[in-house]
Every structure is written in C-alpha cells, then in structure tokens.
Amino acid sequence: MSAFLTLWRKELTGYFLSPMAYIVMIFFLLVMGTIFSLLVSVLAEGPAGVTIMNLLFGSPFFWMTMFVLVPVLTMRLFAEEKKSGTIETLMTAPVGDAAVVLAKFAGALSFYAFMWLPTVVYIFILQHFSADMAPPDLGPLAGGYLGALLIGMFYLSIGLCCSALTSNQIVSAIITFAVMLVLFLAGLLDFVARGEAVQAVSAHLSSYSHMLEFSRGTIDTRPVVYYFSGTALMLFATVKILEARNWK
C-alpha cells in the first residue's frame, strides 16, 4: 500500500508540474463555461422540465471535450516512461506491475476529478442570478457528476492501456481517440439499427444514453456495472501488457 501511495503521489504531482496539464485544464474550463452560458440562455427560453444538467451532459461539446481531454491526459503515462528509458527502473523497483498500473490510473483519475470541481460553482451562479429559481435538484446534480466520473474512469483506463502499447505519445493519443470514438459510435447504433439484438447491444454500450439517464437523476445499476467491469478489464489488460514486456 505504501508503494502504491508513493507512486500515486508521484503521478499526481507530475500532472500539477506539467504545463500541458494546465493547458488541458484551462481548455476544459473554458469549454465547459461556454457550454454553461449557452445552456442558461436556452433554459431561459426553453421548455419547462429540462434541467441544466441534462442539457450540459447531452451537449455534443461535452463529448468533443472528452475526446480531446482523455487522450491528452493518458498519452504520457507509460509512453513517456518508455521513451525516456525510466520504464526499466520503474519495473525493476520493489513494486508489482499491478501497483504501478493502479497508481498511474489513480493519478489520472484524481486529476480528472479535480478538473470537475470548479464546475460546481455553476449551481451557485444560477441561484445568485435567478432569485425565483427553485433549489437545485440533488438527484440530477449527483447523477450527472457520477456519470461523468464513471465514463471518465472507463475512458481513462482505455487511454492507460493504449499508452502501455507504444513509446510514442502521439500514437497513444490517436489510438485512444480511435477506441473511444468506436465505442461512442457503437452506442449510437441504437438509434439507427433495425435488428433487436444490435439495438440491445448498442443500448448497453451507449455512453450518450447512459449520460442522459444519469443527468436526469436515474441511476441504473447496469451502466454502473458496465463501467466498473470495463475499467477493471482495461486495467487487467494493461498489467498483462507490462508482464509480456518483461518476458522479452
């Protein structure tokens, strides 16, 4: 446990010392702030019963941000170690491969969650400038952030696995983006496919539909299990990739 915590602190510190991480954070907050301001104007004229969380997480700009954010956050995790040659020192240290993988994943997930914290202020902004606004519904609020955390967790694990496959950060980012895009588009087949089996599989994979349900305050255990099991599978695959490298 002490080795894991040491590696986790090292990874998290690496994010806060990296100029690229701050560029990503500024980009994320600028995009989310722009989306928020646009959605407030929509709500002022839009139909009743539509929550800001539902519009926020259903926005195409939200998904575009995710497709940029995750590859950039994960591309350096193992690829940089391989390119610089520090992977040999890391893997020969008295710590297991699983602890290394979990520490890097925890560092990326912690920084990802940290970027979302400033967006909580949106609720207070709405309350301040809308005197007649009802108190925020905690269900959609909690569900929206839970969905963003679960989907981000799964996508980050994919990026971590892709980073373990190559020593080139750009290649890692491209592969991560491609896998994310394929999964996202596969989830949209539910809206166009005619076969019931295809629709059922697509609905199960649809991050877009899951996010809409979460942002309505509807917590279905099936998507939760899907993202946890998918994350566990990608982390397991990453460990096996590192173990296979040790046999070369």
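Read along the sequence, the chain goes α-α-α-α-α-α-α-α-α-α-α-α-α. That is 13 helices and zero strands. Keep in mind that this is a predicted model.

Now the chain as a whole. Of its 248 residues, 44% are buried. The accessible surface comes to about 12600 Å². Carbon and sulfur atoms hold 72% of that surface. Next, contacts.

Let's look at one helix pair. Two packed helices are described by the angle between their axes and the distance between the axes. Our pair is α4, residues 60-74, and α10, residues 169-188. How do their axes cross? They come within 8 Å, at roughly 145°. The crossing of α4 and α10 is right-handed.

Which residues meet there? From α4 we have Trp63, Met66, Phe67, Val70, Pro71 and Thr74. From α10 come Ser172, Ala173, Thr176, Phe177, Met180, Leu181 and Phe184.

Stay on α4 for a moment. Phe62 is found in this helix. Is Phe62 buried or exposed? Its relative accessibility is 2%, so Phe62 counts as buried. What does it touch? Leave out residues up to four places away in sequence, and Phe62 touches Met32, Ile35, Leu56, Phe57, Trp116 and Met211. Pick Ile35 from that list. Phe62 and Ile35 are 27 residues apart in sequence. In space, C-alpha to C-alpha, the two are 8.0 Å apart.

Over to helix α9, residues 138-164. Ser157 is found here. Its relative accessible area is 0%, and the cut-off for buried is under 20%, so Ser157 is buried. Which residues does Ser157 touch? Again, residues up to four places away in sequence are not counted. The contacts are Phe105, Gly230, Thr231, Met234 and Leu235.

Last stop, the surface. Val120, Val121, Phe124 and Ile125 make a nonpolar patch. The area of that patch is about 320 Å². Where does Ile125 sit? It is in helix α8, residues 121-129. And how accessible is Ile125? The value is 33%.

To recap. We have 13 helices and zero strands. Helices α4 and α10 make a right-handed crossing. Phe62 is buried at 2%, and Ser157 is buried at 0%.

Terms used:
Residues numbered from 1 in each chain as written. Predicted model: local features only at pLDDT ≥ 70, side-chain atom pairs only at ≥ 80, totals over all residues. Heavy atoms only, no water. Patch = residues over 30% accessible without salt bridge, like charges linked within 9 Å, V, L, I, M, F, W, Y side chains within 5 Å. Areas by Shrake-Rupley, 256 points an atom, 1.4 Å probe, with all protein chains shown as cover. Salt bridge = Lys/Arg side-chain N within 4 Å of Asp/Glu carboxyl O. Helix = DSSP H or I, 4+ residues; strand = E, 2+ residues; numbered from the N terminus. Buried < 20%, exposed > 50% of the residue type's maximum accessible area, 1.4 Å probe, protein only. Axes fitted to C-alpha atoms, helices over the stretch in contact; angles between N-to-C directions. Left-handed = near helix turned anticlockwise from the far one by under 90°. Contact = heavy atoms within 4.5 Å.
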